[in-house]
Amino acid sequence: MTDLATVTGEIAKRLGDASGLGKTVKLDFGAAGMIYIDGASTPNSVSNDDKPADATISISWDDFLALSDGKLDPMMAFMTGKMKILGDMMVAQKLGPLLRG
């Protein structure tokens, strides 16, 4: 099973230094931890810090892994309450390429 550090590193690699995201996003996995994506800074950065973000996506670690593996549809996850988004929903929609394995 993939761990938080591995996923954080993979997202950082995909984000690069200048993603054009222009916003911050926090992926909150509850007790499993979180990933903070700073697409507003130059260079862009990814960490496991708990900071305020333009959008916060709350999802369980297992559901996140299913989502990134293509086994869980993002819209279905949102509609069934498995994934909750607070803040800027447009930023959350831009994350697809960063999160899919």
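The following conversation examines how terms are applied to one predicted model.

Visitor: What makes S1 and S4 paired strands?

Guide: Strands are DSSP runs of E with at least two residues, helices are runs of H or I with at least four, and both are numbered from the N terminus. Two strands pair if DSSP finds at least two bridges between them. Strand S1 (residues 24-28) and strand S4 (residues 55-59) are joined by four bridges and run parallel; Asp 28, for example, has Ser 58 in S4 as its bridge partner.

Visitor: Which way do S1 and S2 run, and how many bridges join them?

Guide: They run antiparallel and are joined by five bridges; in S2, Ile 37 is the bridge partner of Val 25. S2 and S3 are also antiparallel, with three bridges.

Visitor: Why are S3 and S5 said to stand at the edges?

Guide: The open sheet has five strands in the order S3-S2-S1-S4-S5, with mixed pairing. Strand S3 (45-47) and strand S5 (83-87) each have a single partner strand, so one side of each is left without a neighbour in the sheet.

Visitor: Why is S2 described as largely enclosed?

Guide: Buried means under 20% relative accessible area, exposed means over 50%, and partly exposed lies in between (1.4 Å probe, protein chains only). Five of the five residues of S2 are buried, so this strand is largely enclosed by the rest of the structure. Met 34, Tyr 36 and Asp 38 point one way, Ile 35 and Ile 37 the other way.

Visitor: How do you know that the length of H1 agrees with expectation?

Guide: The expected span of a helix is 1.5 Å times one less than its number of residues. For the 12 residues of H1 this should be 16 Å, and the end C-alpha atoms are 16 Å apart, which agrees.

Visitor: Why are the buried residues of H1 placed on the same side?

Guide: The buried residues of H1 are Leu 4, Val 7, Thr 8, Ile 11 and Leu 15. They cover an arc of only 100° around the axis, which puts them on the same side of H1; the arc is that of the directions from the helix axis to the C-beta atoms. On the other side of H1, Ala 5 and Lys 13 are exposed.

Visitor: Why is the contact of Lys 26 and Asp 50 called a salt bridge?

Guide: A salt bridge is a side-chain nitrogen of Lys or Arg within 4 Å of a carboxyl oxygen of Asp or Glu. For Lys 26 and Asp 50, the N to O distance is 2.8 Å, so the pair meets the rule. The pair links distant parts of the chain, with Lys 26 in strand S1 and Asp 50 in the loop between S3 and S4, 24 residues apart. Lys 26 is buried at 12% relative accessibility, whereas Asp 50 is exposed at 55%.

Visitor: What makes Glu 10 and Lys 13 a salt bridge?

Guide: Their closest N and O atoms are 3.4 Å apart, and the limit is 4 Å. Being three residues apart in helix H1, they are separated by about one helical turn. Glu 10, at 31%, counts as partly exposed. By this rule the count comes to five salt bridges.

Note on methods: Residues are numbered from 1 along each chain as its sequence is written. This is a predicted model: local features need pLDDT of at least 70, side-chain atom pairs count only at pLDDT 80 or more; totals for chains, interfaces and linings use all residues. Side-chain values use heavy atoms; hydrogens and water are left out.
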